[in-house]
Each structure stands twice: as C-alpha cells, then as structure tokens.
Amino acid sequence: MASLKIKKGDLVKVIAGRDKDKEGKVIAINRKKSTLLVEGVNMITKHVKPSMSNQQGGIIHQEGPIHISNVMYVHKGKPTRIGFKMEGDKKVRFAKSTGEVID
C-alpha cells in the first residue's frame, strides 16, 4: 500500500465538493478506504436511539468522511503538494511549493 501524505493533526483545505475552500484539522484517517475526517467539514445529521450512555437520544451533527484526493495540505497559509525525501537515513515530508521540511 502506498504511504499517505497527509497525517492526523495536519491542517488541510478542501479543494472539491460541497465544502470547497473550508479549512480544518484532520481528526482521523481510514487507510483502507483512503478517507479522512476533517474538523467542521462535511457535517452530517445522525439520528441516535436512547441508550445507557446517551439517555436522551435525538439528533446529533458530526463530521462525515471525505476522500483524501479532495483535500490539500496547508503550509504557511497556502495549499501545497507534499513530497518525500531522504535526509540522512530518515524519510521526511516536504512542501513542494517551498521545499521546506514539514516533519
């Protein structure tokens, strides 16, 4: 499986779909489906039955998954592509627009 270029905690910008141009932090990633959850983006309505943990039940709003191809990493306020390179014996991510190492 190819390595994903976006990680949990990254700031991303949505580049396609209903929520285009929104920014948010990555909450979770599903590697098998190549989807991710972004804070405050692709909000869905879910009806929840009352249970022991949630006595009230009712309608909740939560983030829905977005395909990873519909988001771009934000580096210094601008969306950029991400590449990999070797620094010594360590593989690191870098922003293609500036060439700076991300982590």
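This is a predicted model: local features need pLDDT of at least 70, side-chain atom pairs count only at pLDDT 80 or more; totals for chains, interfaces and linings use all residues.
Local features are reported at pLDDT of at least 70 and side-chain atom pairs only at pLDDT 80 or more, while totals for chains, interfaces and linings use all residues. Residues are numbered from 1 along each chain as its sequence is written, and side-chain values use heavy atoms, with hydrogens and water left out.

The protein contains zero helices and 10 strands. Helices (H or I, at least four residues) and strands (E, at least two) are DSSP runs, numbered from the N terminus. The order of elements from the N terminus is β-β-β-β-β-β-β-β-β-β. The radius of gyration is 17 Å, well over the 13 Å of the globule rule for 103 residues, so the protein is more spread out than a compact globule. Here the radius is taken over C-alpha atoms, and the rule is 2.2 Å times the number of residues to the power 0.38. Along the principal axes, the C-alpha atoms fill a box of roughly 55 × 30 × 20 Å.

Of the 103 residues, 28% count as buried. Buried means under 20% relative accessible area, exposed over 50%, and partly exposed in between (1.4 Å probe, protein chains only). The accessible surface comes to about 7,100 Å². Carbon and sulfur atoms account for 52% of that surface. Areas come from the Shrake-Rupley method with a 1.4 Å probe; for residues, only the protein chains shown count as cover. Contact means heavy atoms within 4.5 Å. Among contacts between residues at least 6 apart in sequence, 38% join residues at least 24 apart.

Six strands form an open sheet in the order β6-β3-β2-β1-β7-β8, with antiparallel pairing. Strands β6 (66-67) and β8 (78-80) stand at the edges, each with a single partner strand, so one side of each is left without a neighbour in the sheet. Two strands pair if DSSP finds at least two bridges between them. Strands of a sheet pair through backbone hydrogen bonds, either parallel or antiparallel.

T35 has H67 of β6 as its bridge partner. Strands β2 and β3 also run antiparallel, joined by four bridges. I29 is bridged to L36 in β3. The hairpin of β2 and β3 has four residues between the strands, and S34 there takes a positive phi near 55 degrees. H75 is bridged to K78 in β8.

Two loop residues other than glycine also take positive phi values. D21 has phi near 75 degrees. Its place is the loop between β1 (11-14) and β2 (23-30). D21 is exposed, with a relative accessible area of 53%. N42 has phi near 60 degrees. N42 lies in the loop between β3 (35-38) and β4 (43-48).

N42 is also in contact with Q62. Q62 belongs to strand β5 (residues 58-63). Beyond its neighbours within four places in sequence, Q62 is in contact with N42, M43, I44 and K46. Q62 and V41 are 21 residues apart in sequence, and their C-alpha atoms are 9.0 Å apart. Q62 is partly exposed, with a relative accessible area of 26%.
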